[in-house]
Amino acid sequence: MPVATTSPLSAWRPLLDGIALSVAVAIASVLVEPLLKAAAGGRVGVPAVVIALVIGMLLHPFANTVRFAPGMTFCVKKLLRWAIGLLGLRVALGDIIALGLSTALLIVASMIVTVICGFLLARWLGREAGVGALAGVATAVCGASAALATATVVPDYRGKAADVAFTVIAMNAFATLAMLAYPLICAWLDLSPTQTGIMLGATIHDVAQVVGAGQAVSDEAANAAIIVKLFRVFMLLPAVLAVGWWMVREGGHAEHAKVPVPVFAIVFLCLCLLNSLLTTLPALAGVYLPLRDALLEVSRWGLLIAIAALGLGTSMAAMGRLGWRHLVLVTGTSLVILVIVTGGLLALG
């Protein structure tokens, strides 16, 4: 009797429609991004990640079917993890060591307090602990990418997708405002270029806005800002693990609580260490650096496709029901990290 076999293609077939739709939305966002920037006179742009999320949410009534659901879930659950893992190639340990102990301690302390305040504000506002985790880690680490990474260890609850979508949009909006406002605050406080770079890198949520804010001041400020920001990106692994453990513990299973170890987090750390080693070997630079750039581009597209899928699975009506408390939450975490870092820099002199 012949034995029935299943081909790899048949296993992927249920996913193809959802993946294709998510890819289409991601491509559309990349095409629309320069058009919106040109329409604004080239001064202000909307990141492709936000455009992809908004387009996806607008298409939610069309995408909310059994046909697209498996592929969209694959993008949000699997592809997202791979893309975040590749972000480890951005970070080199040598740059982190160059920060100095006092600066590193200030950044770590501000991140810890910000994450804790995310939980406390969520409780005070009567929101789910999960949205406090999302806002706290996104603010403390690296904006939208950190929110998506944290979502993988936050237990599912009603409205989680809307909370993730809101956090992604809010982080990008706050980062853009910070890019414009924070250099003015640094000038008002008469901070040195290095202090300015530390302040910008330690408080602005997303990498692109950190670079823009630093370059608006000086090359010295930009270099310091990028190094500090990459140090925060490096802290993504412990932040996600700590939040995942805390969420399990608070779920009423403290005696059985185990630190979740997402594979993407291990990949992130390993690639960070690999990047730190290979960037010190000039003989391999000609091969490694183009490969690293290509993998980081793969990561960028993976994140874009995942956020497009998240938008496709998110109802605009659900977003509208979130209310003012969510806005207060992300505003609160943003102000906390700003006050701690700026106060610490003034105290250190």
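Modeller: Start with residue classes: Ala, Val, Leu, Ile, Met, Phe, Trp, Tyr, Cys and Pro count as nonpolar, Asp, Glu, Lys and Arg as charged, and the others, Gly among them, as polar. This is a predicted model, where local features need pLDDT of at least 70 and side-chain atom pairs pLDDT 80 or more, while totals for chains, interfaces and linings use all residues. Numbering runs from 1 along each chain as its sequence is written, and side-chain values use heavy atoms, without hydrogens or water.

Colleague: How do the residues lining the second largest pocket divide by class?

Modeller: A pocket is an open set of points on a 1 Å grid where a 1.4 Å probe fits, with protein on both sides within 12 Å along at least five of seven lines; lining residues have an atom within 4 Å of a point. Here the lining has 21 nonpolar, 1 polar and 5 charged residues. Of its 27 residues, Val115, Ile116, Phe119, Val243 and Trp246 lie nearest the centre. Helices α6 (101–124), α7 and α13 (236–250) each give two or more residues, with the largest share, 9 residues, from α6.

Colleague: At what angle do α7 and α8 cross?

Modeller: Helices are DSSP runs (H or I, at least four residues), and axes are lines fitted to C-alpha atoms over the stretch in contact, with angles from 0 to 180 degrees between N-to-C directions. The axes of α7 (residues 129–140) and α8 (residues 144–151) cross at roughly 140° and come within 8 Å.

Colleague: Which residues of α7 and α8 meet?

Modeller: With contact meaning heavy atoms within 4.5 Å, Ala133, Leu134, Val137 and Ala138 of α7 meet Ala146, Ala147, Thr150 and Ala151 of α8. That contact has 7 nonpolar, 1 polar and no charged residues.
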